[in-house]
Amino acid sequence: MIQSETLELLEWPRLCQHLSTFAATKLGAIVARNLPIPETQAESEQLLAQTKEVYELESRLHPGLSFEGIQDIGDSLERAILQSILPGEELLAIATTLAGTRNLRRVIDNQENVPVLSDLVSQLRTYPELEQEIHRCIDERGQVTDRASQKMGEIRIELRKIRGQITQKLQNIIQAKSGAIQEQLITQRSDRFVIPVKAPQKDAIPGIVHDTSTSGATLYVEPSSVVPLGNQLRQIIRKEQTEAEVIRRTLTEKVAAVTPDLERLLAIVTTLDLAVAKSRYSLWIGSNPPRFVHREDNEIITLRNLRHPLLVWQQQHEQGNPVIPVDLLISPQIRVVTITGPNTGGKTVTLKTLGLAAIMAKVGLFVPAREPVEMPWFSQVLADIGDEQSLQQSLSTFSGHIRRISRILEALEEGVRSQESGVRRKEEEEVRSQESGVRRKEEEEEIKLPIPNPQSPVPSPQSLVLLDEVGAGTDPVEGSALAIALLKYLANHTQLTMASTHFGELKALKYEDSRFENASVEFNETTLSPTYRLLWGIPGRSNALSIALRLGLKSEVVAEAKTQVGEATDEVNQVIAGLEAQRRNQETKAAEAQKLLRQAERLYKEVSDKAAALEAREKDLRASQEIAVQQAITQAKGEIAQVIRRLQKGTPNAQDAQQATASLNQIAQKYEPAPPPKPKPGFMPKVGDRVRIPKLGQTAEVLTIPDVDGNFNVRFGIMKMTVQLQDIESLDGQKPEPIVKTKPAPAVVTPPPAPAIRTSKNTVDLRGKRVADSEYILDKAISEAAGSIWIIHGHGTGKLKQGVHAFLQQHPRVINYEPAEQADGGSGVTIAHI
């Protein structure tokens with residue numbers, strides 16, 4: 001009872017209603033409005049994994065997962081099991097649901113890194129043969145088709161024939177008796193074909209009157225000559241209905257045969273729809289995925305910029321006020337947090353926000369807080385928020401609070417008992433499994449069975465308790481004492497308790513017990529209004545007198561009240577005010593530091609982007625230079641080849657050789673890059689030169705030239721010494737040129753002889769290439785070739801082959817070329833001899 005009561009106090013049904021608006025199916029919306037809360041952490045983690053994968057999947061897909069065609073067929077399946085005959089519309093809904101589910105599974109199967117969703121849809125059976133049979137027998141209007149059976153086809157043909165005869169006879173009567181006809185049309189009354197006849201001339205067209213107009217001026221008559229055909233039509237229609245019922249019964253029986261699988265399909269689709277709704281709702285309110293922490297492992301509860309989800313909805317959907325977030329950073333040893341401060345300051349909203357965040361994480365929803373979102377998994381969320389005063393039940397405010405707190409304590413005891421029973425069941429299962437293992441091994445050796453520990457440790461409490469105005473509604477002294485005792489009890493029996501209060505004695509618990517912590521809601525004394533910000537470590541002031549003044553209470557009454565407060569209370573309030581001012585100062589400095597950090601990050605990004613742009617530009621420039629060099633090389637080779645071909649024509653003489661040499665020199669001057677500027681020669685000391693030794697601050701005379709190691713002798717004054725080349729400089733400040741030691745020339749490695757047969761290394765495939773691209777590829781292959789190369793150009797239009805032969809003809813390294821053997825490709829391949 002207290003669990004459902006807590007959900008009502010936290011306005012959980014309202015949040016579920018908001019969630020249901022994101023569901024794509026009717027059944028998904030129904031389940032979202034009555035969202036079940038998992039009882040184990042494993043279930044919650046499974047639901048969170050589904051939401052995460054859908055969130056990532058929809059970020060890659062546009063417009064996201066589609067549930068088009070999927071309908072709520074649960075009632076139809078129940079009636080199919082009860083051997084009812086389903087109408088065509090419901091059979092068609094089953095077929096479209098199967099098709100929509102198959103499309104949904106196909107989309108998920110085509111995605112990567114979605115193991116949870118893939119495992120979920122792998123259990124789907126969509127029965128395409130049943131879907132095809134339904135579409136064959138039922139049309140888009142839900143009517144049985146002519147092709148559903150041979151008998152149905154024959155009946156429909158006969159129906160059309162009779163209707164045609166009736167229509168033709170009525171048309172003839174209308175033309176023959178046009179003066180008695182009110183309007184030239186054929187209509188139906190009670191499934192009988194009739195024509196509108198003027199009432200005064202009804203005897204002109206004898207027949208059966210099936211209806212009369214409102215004014216009585218028109219009679220709808222079925223002429224006597226058409227009555228036999230109308231009777232025959234009714235009989236055929238009855239046959240059609242009977243045959244359609246047989247067809248729908250057959251289809252219903254096929255549906256009933258696979259109903260368990262279809263119910264399973266409906267459950268999986270609803271699970272997917274819920275995951276999609278949770279993902280879209282979480283994205284809409286700006287939430288992040290939570291991680292469940294274990295406070296026993298010294299992990300901190302981290303909820304930064306936590307916002308109330310209902311207030312976020314109100315802001316975005318209903319254009320409400322901006323939501324002011326709170327920061328909840330709770331150390332592992334803290335078990336009770338007492339929130340103090342003025343009324344209307346946001347204490348109750350903070351309690352509700354934490355409670356909703358805990359439940360949202362349990363059901364697989366993201367939490368509206370900044371990453372990282374880290375909080376424990378709470379087995380129970382119990383709350384006493386609001387006033388349970390009831391005249392009908394003779395309950396005062398205090399009595400209402402105590403009744404609810406008593407139910408909370410009972411729920412905590414039941415939770416502990418269920419945890420203990422769960423631990424015992426687990427131990428018994430382990431013992432049974434070990435006993436069965438022992439029985440298998442008892443023939444081999446004697447093993448001592450473990451005995452369950454009768455004093456197993458009591459599982460740690462996992463509940464969250466939220467108390468609003470604890471101890472209020474009675475004498476302040478007794479209420480304060482009761483609140484202290486209750487919070488100490490809860491510190492021993494809950495994972496976390498958060499309570500709001502105005503009692504000053506509760507603020508002192510922090511200094512008596514390390515499991516307690518103080519927090520307060522901030523109050524702006526300048527505007528005499530709360531800021532709704534939560535401050536940690538500082539007890540708050542109630543500011544009742546300031547609020548009373550702001551709300552319009554007479555100033556003389558407030559002034560008299562201040563005189564009654566007492567000096568001690570005033571001093572405490574001044575100390576708290578000083579702490580609050582100091583905290584605001586630190587927060588201002590932290591905000592300024594954060595601003596500077598953001599500016600630095602922005603400047604770093606700008607510099608990085610500019611560096612990347614310069615690097616890309618330099619890369620493009622190098623690429624264009626390489627292309628220009630390759631073009632120049634190709635053109636130079638062509639000109640050299642022309643010179644060589646001129647020499648090959650006839651018998652060359654000395655004059656021809658001189659002309660060829662001059663041409664080659666011109667080509668070299670044209671295409672050779674300009675030589676780099678000669679490096680400026682460095683200073684090299686010679687015998688008799690004067691040099692400076694900076695280390696000694698002396699000038700000296702060179703006696704010997706430097707050896708291969710750079711050592712040489714100098715003299716300053718009457719002293720001689722050996723110095724190194726890098727330790728001296730010329731009198732005008734030039735550094736000496738370092739001595740380069742020559743290295744022995746590497747041994748020349750003779751390349752292996754070129755292969756005499758065709759291999760992948762000496763084969764060039766130019767099929768699909770353009771002639772311009774092929775010339776560059778051929779030139780590279782010829783320059784690297786050590787023998788003949790095979791060039792595959794294919795037949796095609798012949799342009800590529802012509803371009804290859806023209807290039808080979810003018811290349812200086814190509815001796816000749818010929819078509820390949822038929823086994824190597826024939827005329828589609830050319831062999832070039834290098």
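At 58% relative accessibility, S190 counts as exposed, since the cut-off for that label is over 50%. Let us start our walk through this predicted model from that residue. S190 sits in the loop that links strand 1 (187–189) with strand 2 (192–198). Its backbone deserves a look as well: S190 is not a glycine, yet its phi is positive, at about 55°.

With a relative accessibility of 54%, D191 counts as exposed.

The peptide bond leading from E371 to P372 is cis, and its omega is near -5°.

Now let us move to helix 6, and to one residue within it. T101 lies in this helix, which covers residues 88–109. Is T101 buried or exposed? Its relative accessibility is 0%, so T101 counts as buried; the cut-off for that label is under 20%. Leaving aside residues up to four places away in sequence, T101 touches I70, L124, T126, L265 and V269.

Helix 6 also has a helical partner to explore. It packs with helix 8 (residues 128–137) at an angle of about 140°, and the two axes are 9 Å apart.

To see the contact in detail, select L91, L92, I94, A95, L98, A99 and R102 on the helix 6 side; they meet P128, L130, E131, I134 and H135 in helix 8. The residues of this contact divide into nine nonpolar, one polar and two charged. R102 of helix 6 and E131 of helix 8 are among the residues that meet here, and Arg and Glu count as charged.

Finally, step back to view the whole protein. Its secondary structure comes to 22 helices and 23 strands. Of its 834 residues, 38% are buried, T101 being one of the residues that count as buried. If we take contacts between residues at least 6 apart in sequence, 67% of them join residues at least 24 apart. The accessible surface comes to about 48,500 Å², and carbon and sulfur atoms account for 52% of it.

Conventions:
Residues numbered from 1 in each chain as written. Predicted model: local features only at pLDDT ≥ 70, side-chain atom pairs only at ≥ 80, totals over all residues. Heavy atoms only, no water. Helix = DSSP H or I, 4+ residues; strand = E, 2+ residues; numbered from the N terminus. Buried < 20%, exposed > 50% of the residue type's maximum accessible area, 1.4 Å probe, protein only. Contact = heavy atoms within 4.5 Å. Areas by Shrake-Rupley, 256 points an atom, 1.4 Å probe, with all protein chains shown as cover. Axes fitted to C-alpha atoms, helices over the stretch in contact; angles between N-to-C directions.
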